[in-house]
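Work through the exercises below on charged side-chain pairs. Each one is followed by a stepwise solution.

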Amino acid sequence: RGRAQAHTLGGRLCLLRGVVFLEVKQALLQRFVTSTAKDADAPQVLLNRLRALSKQSPDGSHTLLAQLQEQLSLLHPRALCRADKAFRVNFVGEAADDHGGPYREAITQICGELQSGQLPLLLRCPNGRHGVGAGRDVYLPRPAASSARELGWFRFVGQLLGLALRQKETQLPLNLPSLVWKQLVSQPLDESDLRGTDELCWQSLQKLRTIDQEGVDAALFGDVIFETFQAQLSDGSEVELLPGGRHSRVTFESRHDYCDAVLAARLRESRQQCDALLQGISLVLPQRLLSLFTWEQLERLACGSADVSVEVLRGRTKYGVGVSSVQRHVRYFWAALRGFTPEQRSAFLRFVWGRSRLPISAAEWGDTRFTLHTKQSPRPDALFPVAHTCFFSLELPAYTSAAICRERLLYAITHCLAIDIDTTTGARENRQLTAWSSSEDEEEEPGAPPSPTARR
């Protein structure tokens, strides 16, 4: 799996990854990316979001991920290794011209599919399902997702992760646990990784190891513990920990061996899926570069920061002609953002930029700025804000109260999904495209009219 041996120079560097400055590692990564970037035109893909939303199926065949993987599989992976975005998106039935917004929106929606049950690849971790412990919002690879098609999708997700490390335009808002990221950077797993996804299992193992401290000895053990040498994985499936393990009772003397075996089984339950992710990453980036980073650094580089900081965003904001930070409706706007929940702030960022997380460093921000304009109208309270997703800007009506500003913003970020009011020739052509040509899709409409809350 491309792991450096401890006695080699690369292996020694990996052992020191926690003390090497992140800037040094990023510079090395950027040097490789620059030397291998392609300058050819971006390949174009056709994605049908109406189909993905209205034709959901248990196998995920209608999802955006499946549509995108099918089209990009026809290309050599290196064709996607461009300096900016990997490909150009055309949304069926939506008047959107891809200057960055549709591309970021597609990536964000695919991550939403992965974490919503629309695809049989990830599942919410036991801590999230049971409401205990830390990491309740993370998703684990489904151990049973091992068919050729499912592993192919994992490889494709890995390819997207690799592109996220290469390109500022690509960012995957995925909530994956340390158990996954550590396997990608070849860091050893330990009990904390199990506890971070399944607190109840970890507690059970701890209690079993120290059961003698509660007065249970070998004579009493069989009366209170009825476990056999098998383990239940995060998806509920069961595996034997040794041949015939389901019929082999755990004894007082063998309880430590049982706990060790359960821990090992749980930590390696997603190894096949993580191997597929690594295979996908290696199509666009050498695996050996990953081992220079800690798992936390890799997660932030590929996924950004989950916390949308209002102060960071405000520091990266410029105002349009005639607009200033002291104007009443602008103050209402920033107050509304500060009052939003983390989920609402992520939704706002997606509304105006097509991505749900902010860049993590000044280098990733580059010259990008959020631009706030005033949408002129004699009746501002009757209007909704208009987002220009490709250009990271917002037209904000001059609302007369903080309550109306918050209400209109919340409606916009909650109900407006389509990018549908571009007026370029390409956008008009996309809007005229009908649903994918198959007998089951022939009755689908080419698209709905733009909503009063709009995105360009």
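## Salt-bridge exercises

Lys 182 is buried, at 8% relative accessibility. The model is predicted.

**Exercise 1.** Which residue forms a salt bridge with Arg 209, and which helices does the pair link?

Solution. 
- Step 1: The partner is Asp 260, and the closest N and O atoms lie 2.8 Å apart.
- Step 2: Arg 209 sits in helix H10 (residues 199-209), Asp 260 in helix H12 (residues 255-267). The two are 51 residues apart.
- Step 3: Arg 209 has a relative accessible area of 17%, so it is buried.
- Step 4: Asp 260, at 39%, is partly exposed.

**Exercise 2.** Locate the two ends of the salt bridge between Asp 59 and Arg 149.

Solution. 
- Step 1: The closest N and O atoms of Asp 59 and Arg 149 are 3.5 Å apart.
- Step 2: Asp 59 lies in the loop between helix H3 (49-54) and helix H4 (64-72), whereas Arg 149 belongs to helix H7 (residues 148-166). They are 90 residues apart.
- Step 3: Asp 59 is partly exposed at 35% relative accessible area. Arg 149 is partly exposed at 43%.

**Exercise 3.** How many salt bridges does the structure hold?

Solution. 
- The count is 18 salt bridges.

Technical notes: Residues are numbered from 1 along each chain as its sequence is written. This is a predicted model: local features need pLDDT of at least 70, side-chain atom pairs count only at pLDDT 80 or more; totals for chains, interfaces and linings use all residues. Side-chain values use heavy atoms; hydrogens and water are left out. A salt bridge is a side-chain nitrogen of Lys or Arg within 4 Å of a carboxyl oxygen of Asp or Glu. Helices (H or I, at least four residues) and strands (E, at least two) are DSSP runs, numbered from the N terminus. Buried means under 20% relative accessible area, exposed over 50%, partly exposed in between (1.4 Å probe, protein chains only).
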